Amino acid sequence: MTNKLKYFVGNWKMFGDISSFKIIQQINKYIHESKKANNKKVIICIPNTLIHFFKKKLKSKHISLGAQNCYHEEGFGPYTGSVSASMLKKVGAEYVILGHSENRMTGDTDIIIKRKIISSIKQKLIIIFCIGETLKQKKRKQTFAVLKRQLKNSLYKNLDKRRLIIAYEPVWSIGTNKILNKKELKKIFIYLKINLKKILKTQKVPKVLYGGSVNSKNINILSSIKEIDGFLIGGASQSAKKFIDIMKNYYK
Ligand code: PGA
């Protein structure tokens, strides 16, 4: 069930300017010097304003760049302020986060997210598709039903599975320093993998990452859950030291 290569994905959110390239350089230096460089896949999802500049400067086979969202319409069009998947691809994004709860909160529905997935796959981007329950849903014991609904409504049968990564991010865990205990997390990851097999009609399940308050301390617990294929790291990815410490402690 477990795939060996571990993903460390940074989600910078609304953070960063041209000078923030030094964070990427420091992370790159660490990976380059680490003995286990081939065990990890590092992807940093940055604001659209930085993708082209970072892509040109980044001479590294260790780090890939991604965007954090795209518009659901394709190509060009009369959508003020919006950026399509093809526009992201052209400036050098290889990955795109879709369905993040911060975007769901401002209007992204399962159906809109599905359209974003379709247009991003057409552009040969790799999707990091976020799902997760709110605190209210958790308290009502709806976690499994919510996750299943989110997967079913946005994924589809003939989707190119090689271009899909799932990120389980409990909404109540994002930026709060609260995480589920090991037993609960394990149960959810097993549930997700079983359902992904069914929904995508495949034996080869996509990677499933965990996101929500990942830091250099709780990574010790998280690393003991073999069903977790990697991490989507928000706040801590805005600091090279914090991001590197997470990787260091993971492999301790
Ligand atoms: P966090 O964010 O690590 O700051 O909790 C995770 C995310 O929003 O992807």
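A polar contact is a pair of N or O atoms within 3.5 Å; within protein, one must be able to donate a hydrogen and the other to accept it, and residues adjacent in sequence count only if both atoms are side-chain atoms. The model is predicted, so local features need pLDDT of at least 70 and side-chain atom pairs count only at pLDDT 80 or more, while totals for chains, interfaces and linings use all residues. Residues are numbered from 1 along each chain as its sequence is written, and side-chain values use heavy atoms, with hydrogens and water left out.

Select the ligand, and then Gly235, where a backbone N or O atom lies 2.8 Å from an oxygen atom of the ligand.

Next, select Phe21 and Phe54, whose ring centres are 5.1 Å apart with planes at 65 degrees, so the pair is edge-to-face (rings of Phe, Tyr and Trp, the last by its six-membered ring, pair if their centres lie within 6.5 Å; planes under 30 degrees apart count as stacked, over 60 as edge-to-face and the rest as tilted). Both Phe21 and Phe54 are buried (under 20% relative accessible area, with exposed over 50% and partly exposed in between, using a 1.4 Å probe and protein chains only).

Move on to Tyr71 and Tyr79, a tilted aromatic pair with 5.0 Å from centre to centre and 40 degrees between the planes. Tyr71 is partly exposed at 24% relative accessibility, and Tyr79 is partly exposed at 31%.
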